[in-house]
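Reader: I have some questions about how the terms are applied here. Please show me the model before we start.

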Amino acid sequence: MAKTGGHLASNLGVVELTTALYTIYDLAKDIVIWDVGHQCYAHKLLTGRHERFGTLRQFEGISGFPRRDESPYDHFGTGHASTAISAALGFAKARDLRSSTERVVAVIGDGSLSGGMALEALNNAGQLKTDLTVILNDNEMSISRNVGAMATHLSKLRMLPLYRRVENKAKTVIENLPMGGKTLSRTAEGILHGVTHLMAAQTGIIFEEMGFTYLGPMDGHDIDLLIEVLSNVRSIEGPVLLHVLTTKGKGYEHAENNARFFHGVAPFQVKNGQVEKSDGGITFTEAFADALIELGEQDDRLVAITAAMRDGTGLQEFAERFPGRFYDVGIAEQNSMPSHSQRALQRRARGRSSPSTPRSSSGRTIRLSTTCAFRTCR
Ligand SMILES: Cc1ncc(C[n+]2csc(CCOP(=O)(O)OP(=O)(O)O)c2C)c(N)n1
């Protein structure tokens, strides 16, 4: 990866989770879908692409995202965020119609959970009550720090006692009873999962209210725990949401310390984490950032809106210079559009930055790259 570049931090965060999943689930028939798909490298290594891994993101090499034409284990081709639960629900309903028995799992990050489609799918799944497992991979980060009310809710859930710790404490107490030992320790497990569940209910967990069995939060790097819990989850009926806590960049100091930079990184030196400087002059993103700041200085009605792409679209400096005129709406482009158009109706000048360039029906559009656009309206 140091030679090819890629989504290092997100991938390092799910190595244990991927290994545990593929220990428990039967990949010959079960379906695992990765949201965005930018954390599928361990998946690729474990599903037959180890030898070609050096060709990652190279011409005629393997893709940095799941691709249906690349492997039968890449069930759903992705790239944009917040789609995995909807896709998994489709697989689950098709299974129900066929009366077959495969398990379906969607793995989604806390950032991607801020997207409307993910919430629509949870809403739908909670009503359909079909067997479906959603693993919420919560590293508190989107590309930069996650934003929004759901992120605040997740931070409250992180305050719950960790799944393992509660269970261990009770096991120790019961094992030390005169009649303790293995038989009783199973009972203890049952009791304590109940306790965790009870505490979860008191916290008002939104997923429980929506019809999911919520399990967590738990250490997403504790592989033995994950294997134990996933083997139980396989047999729970209805929709389950497993909340795992992970660290972006896990195991590589430079990526752990600067997960934003290592979210998507160019080729780098493993020793010091330094990226070689290209001599290709200014990038489109840098040109966009400079232009936007210049215009922001000239016109205080100008605002910038981004869907969790502060860094990728070069808005970081604008956000620092004009904090009151910068909005990160989370991965919620569709939410930003009506809000954005209302600004226009209020005859406010505004800027927008999104992974896909919006079309302008009025006003001036300065099109700077495929990922950024800026528009003013008078
Ligand atoms: C619809 C859409 N908007 C924005 C992006 C850009 N993007 C790619 S990954 C990412 C952050 C994803 O965060 P999370 O789901 O928490 O995964 P993590 O990287 O933290 O593992 C964003 C905003 C995208 N892929 N799709």
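Author: Two residues are in contact if their C-beta atoms, placed from the backbone, lie within 7 Å. Among contacts in the protein chain between residues at least 6 apart in sequence, 71% join residues at least 24 apart. This is a predicted model: local features need pLDDT of at least 70, side-chain atom pairs count only at pLDDT 80 or more, and totals for chains, interfaces and linings use all residues. Residues are numbered from 1 along each chain as its sequence is written.

Reader: Why is leucine 241 called buried?

Author: A residue is buried if 20 or more other C-beta atoms lie within 10 Å of its own, exposed if 12 or fewer, and partly exposed in between. Leucine 241 has 27 within 10 Å, so leucine 241 is buried. Of the 378 residues of the protein chain, 40% count as buried.

Reader: Which residues does leucine 241 touch, leaving out those up to four places away in sequence?

Author: Leucine 241 touches Val134, Leu136, Phe207, Phe212 and Tyr214. Leucine 241 itself is found in strand β5. Helices (H or I, at least four residues) and strands (E, at least two) are DSSP runs, numbered from the N terminus. The protein chain has 14 helices and 10 strands.

Reader: What makes β3 and β5 a pair?

Author: Two strands pair if DSSP finds at least two bridges between them. Seven bridges join β3 (residues 132–138) to β5 (residues 239–245), so by that rule they pair. The two run parallel. In β5, valine 244 is the bridge partner of asparagine 137.

Reader: How do you know which strands are at the edges of the sheet?

Author: Five strands form an open sheet in the order β1-β2-β3-β5-β4, with parallel pairing. β1 (31–34) and β4 (213–219) each pair on one side only, and they are the edge strands. Four bridges join β1 to β2 (residues 104–109). Tryptophan 34 stands opposite valine 107 in β2.

Reader: Why are the buried residues of α10 said to line one face?

Author: They are Leu225, Leu226, Val229, Leu230 and Val233. Seen down the axis of α10, they fall within an arc of 120 degrees, so they line one face of the helix. The arc is that of the directions from the helix axis to the C-beta atoms. Helix α10 (residues 223–233) lies across β3, β4 and β5.

Reader: What makes a set of residues a nonpolar core?

Author: A nonpolar core is a set of buried Ala, Val, Leu, Ile, Met, Phe, Trp, Tyr and Cys residues joined through C-beta atoms within 7 Å. The largest has 63 residues, and those with the most contacts inside it are Ile85, Ala88 and Val105. Helix α4 gives the most to this core, with seven residues. A second, separate core of 17 residues includes Phe288, Phe318, Tyr327 and Ile331.

Reader: Which residues is isoleucine 85 in contact with, leaving aside its neighbours within four places in sequence?

Author: Isoleucine 85 is in contact with Ala106, Ile108, Ala118, Ala121, Leu122, Ala125 and Val134.

Key:
Axes are lines fitted to C-alpha atoms, for helices over the stretch in contact, and angles run from 0 to 180 degrees between N-to-C directions.
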